[in-house]
Amino acid sequence: MGAARVVVTGLGAVSPLGLSAEEMWTGLCAGRCGIGRLRAFDPAGFPCELAGEVPEYRIRDYLPKSHRKAAKLMCRDIELAIMAAQDAVVHSGLRTKAVDPDNVNVDPTRMAVNFGAGMISCDLMELAPAVAAAVVDGKFDLRQWGSQGLPLVTPLWLLKYLPNMLACHVGIIHDIQGPSNTITCAEASGHLAVGEAAQVIARGNADIALAGAAEAKVNAIMMVRQCLLKRIATGCSDPESACRPFDADATGSIFGEGAGVVVLESLENARRRGATILAELVGVGHSHNVHAVYEKLEPDGKGLQIAIEKALDDAEIGPENLGLIVPHGTGIPDDDRAEAAALQAALGGAAKTVPTWPTKSMLSTTGAASGALDLVAAVRAIHEATIPPAKNFAGAADGCRLNVLTEKRVGPIPYALCCSYTHGGQTAALVVKHFDDGGPAD
Amino acid sequence: MKTAANRQRVVVTGMGVVCPLGNDVETLWQAVRAGRSGVAKTTIFDASTFPTTFDAEVKNYDYRRHTRHPEFHEGCSRGSSFAIGAAAQAAEQAGIDLEAAQPADGIDRTRMGIYLGAGEGSLDNDAFFGCIIAGWDNERQEMVWPETTRVALEQMQAVHELEQEPNMAAAHVAALTGARGPARSCLTACAASTQAVGEAMMLIRKGDADVMFAGGAHSMIHPLGLTGFNRLTALSTRNDSPETASRPFCASRDGFILGEGAAMLVIESLDSARKRGVHVFAELVGYGSSSDAFRITDMHEEGRGAAQAMEAALANAGLTYKDIDYINTHGTSTQENDHVETLAIKKVFKERAQQVPASSIKSMLGHLIGAAGAAELITCVLAIRDNLVPPTTNLTDPDPKLDLDYVPNEPRQMPVNIVMNESFGFGGQNNVVIVRRFED
């Protein structure tokens, strides 16, 4: 039995460049930077006060009436996931329960959902009154917490912060009753979730999947973590030039928030309903660092190299077939160098010639969401036969000999490679193909 | 995407566990056979004023005993430390060499992967609560953020912060084993490690890997974990009798018992196991996943999602409800789960529902959250090996509405060939795996 072919029929995004995949694409094409001075809280005291924040929104506008009461159970990560999922479903033309309850054109039991999520940091404000009630002699006291603090925590508090709730809310809203998973591999989560959802369809366990990831890193504790791990850019006050993937002047990354979602569908299902097919997902690869310095990608990029090689092998293509690489490219010098090493080892000479388009200079590093946003961007680039210009690349950092394009390029992209990795060491790569209508559905 | 020319059969060749009933597989199994309880007063932190003052803790455990390179894992979280021990045991049983630079065990490291259902590590409590206190202006009821930032930057430690990430247990297993194959970590709440095993099995079937470390690791026994579950009123508060507090399917059940641990299976393609000449403990034959799509706070009233996952697993295995000898239930000891799970079993097993033994070892083990499913799956494999169904202990006052055969209080010797293992997560993610006696 052959595996079903899996195509992309919808794109959704919430990012520092706007509240839809359309706005993100327009922003990327214009080389617009979504990074600015952090607004969610007073960032004074951080060595870098910049972040990539999504524009203001009202979550109620995205919720069907039946799910509005659940809004109080949503942390920001969940909200972003819901918004991007809505964007993707509408774009795909699927009529789920949330979109058009009277004219549903999907079988809920044949739909899957797979969301990547980060470690969600709770809202400190929300906990503060309870914590304040547990202070004895100026210090937090556990016994006092148990008797005085704990009762002040809102009863359903935990449910706001469980990472699997992204998939659960999206599943409830769109009435998705098939396979459901939550990948928690930090910045590799997006690609891993999409890759697994594609495999769920390929093996016949679902016809349609909503897959992607969301994370809101704009939180004081999250920002502190990035500082302690020395991942944040230093000495920069200009948002436009702060994040510089693979550039000689890079000093670190800028962190932000977002969500990216793709609608995946078996080719047969997409054809049956006459959907617009944006691209085909043809290769999934993943591997792991073996390196006990967990906060860095291993210097030779071996784990990422293997993931890329596996994705190409899965797609049954060689490096010369690639027309676009969307790398993880965070602007953290050691990691960028290791990623470049991985690309060079996996792709050989092609690493120096295939157009490479890092996006985080504009989108910031959005944790789990980053791979999903990159995939949305790559699919759109294939569909439009356009590679927007990279930003903040003036000269390659040592060891980063990649073909980073600073000018827009127009022309067919037969295949695109997206890759990502995370501290801790999971690595992931996806290969997306320009869809040509032909051939059997499996 | 490529597929294997032939669908690979997937078998279990190694198991390891670190849990409240013991820090190796046989100790766990002896405890389960004897109906012992792993539940006792909380000792990890002072929980004496919490609504629940007991839990199921891992005791007398040190991950350093399991590796020649403890320095690779310095500062790891409790959950990750458990994962290291469970993985080392499973590797040893499966004949996987963790020591040699060029292992001669016949496994290509790029085809040996990791799939864990794993949870977050504990916060650095002093620093976390300290920075909130520093920033909170009680009079104006608002945060003075620069104060919080200052204290957090001063007191938090990079390693402790990093080790909280839920993907870190898998990272430690990678450093321990050198696995370069497919790597994922998921967190579908209480269903996570069953899902991990199921998806790992799919990766082998598809031909993406020959060998996978599949399982889970989790400890939510920390102040905010206990707080969260207590506020949800999901935990038992039978503080005067911890050992009898976990009472799945009992009329007087009043919540689950927070546990911790790790469980790991080495699963591999039958071709690989044969080539390496290792012992096969059982075969994984079915996996099903579903979502309730109902409510965040409640399971679907009729167990629609749970039943669908069971049916999906049966279909995936090419079996019917008539083939199952034993159901290892999710059986958490909450009013809702045990009721809904019973309904779901009745829906799927029809006229056989009352004949198929369905027990919950959470009555002894407590609820290991992300690690629960894999630990329970290990007991399913042993149930097949020994033709013995573990009991549901503390089943002293049966709930008249729950009328299945829960194997009350005593293990049962009977032929066991095919077992269904069920796990259902908060929010409605359901996963079921079917394991079967291996026949060549």
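Guide: Domain bounds come from an automatic or database domain assignment. This is a predicted model, where local features need pLDDT of at least 70, side-chain atom pairs count only at pLDDT 80 or more, and totals for chains, interfaces and linings use all residues. Residues are numbered from 1 along each chain as its sequence is written, with chains lettered from A and ligands numbered from 1 in the order in which they are written.

Visitor: OK, how far apart are the centres of domain 1 and domain 2 of chain A?

Guide: Chain A splits into domain 1 (6-120 + 162-433) and domain 2 (124-156). Going by C-alpha atoms, the distance between their centres is 37 Å.

Visitor: And what is that distance for the two domains of chain B?

Guide: Chain B has domain 1 (14-122 + 164-436) and domain 2 (125-160). Their C-alpha centres are separated by 36 Å.

Visitor: How many nonpolar residues are on the side of chain A that touches chain B?

Guide: Contact takes C-beta atoms, placed from the backbone, within 7 Å. On that basis 87 residues of chain A meet 78 of chain B. For classes, Ala, Val, Leu, Ile, Met, Phe, Trp, Tyr, Cys and Pro are nonpolar, Asp, Glu, Lys and Arg charged, and the others, Gly among them, polar. Chain A's side has nine charged and 26 polar residues, and the nonpolar count is 52.

Visitor: Is H8(A) parallel or oblique to H4(B)?

Guide: Helices are DSSP runs (H or I, at least four residues), numbered from the N terminus. Helix H8 (residues 220-228) of chain A and helix H4 (residues 145-155) of chain B have axes that come within 10 Å and cross at roughly 40°. Under 35 degrees is roughly parallel, over 145 roughly antiparallel, 65 to 115 roughly perpendicular and the rest oblique. So H8(A) and H4(B) are oblique.

Visitor: Which residues of H4(B) does H8(A) meet?

Guide: H8(A) brings A:Ala220, A:Ile221, A:Val224 and A:Cys227. By class, the residues of this contact are seven nonpolar, two polar and no charged. The H4(B) partners are B:Trp145, B:Thr148, B:Thr149, B:Ala152 and B:Leu153.

Visitor: Which residues of H4(B) are buried?

Guide: Buried takes 20 or more other C-beta atoms within 10 Å of a residue's own. The buried residues of H4(B) pack against H3 (124-132) and H8 of chain A, along with H3 (125-135) and strand E6 (142-143) of chain B. They are B:Trp145, B:Thr148, B:Thr149, B:Val151 and B:Ala152.

Notes
Two residues are in contact if their C-beta atoms, placed from the backbone, lie within 7 Å. Axes are lines fitted to C-alpha atoms, for helices over the stretch in contact, and angles run from 0 to 180 degrees between N-to-C directions. Helices (H or I, at least four residues) and strands (E, at least two) are DSSP runs, numbered from the N terminus. A residue is buried if 20 or more other C-beta atoms lie within 10 Å of its own, exposed if 12 or fewer, and partly exposed in between; C-beta atoms are placed from the backbone.
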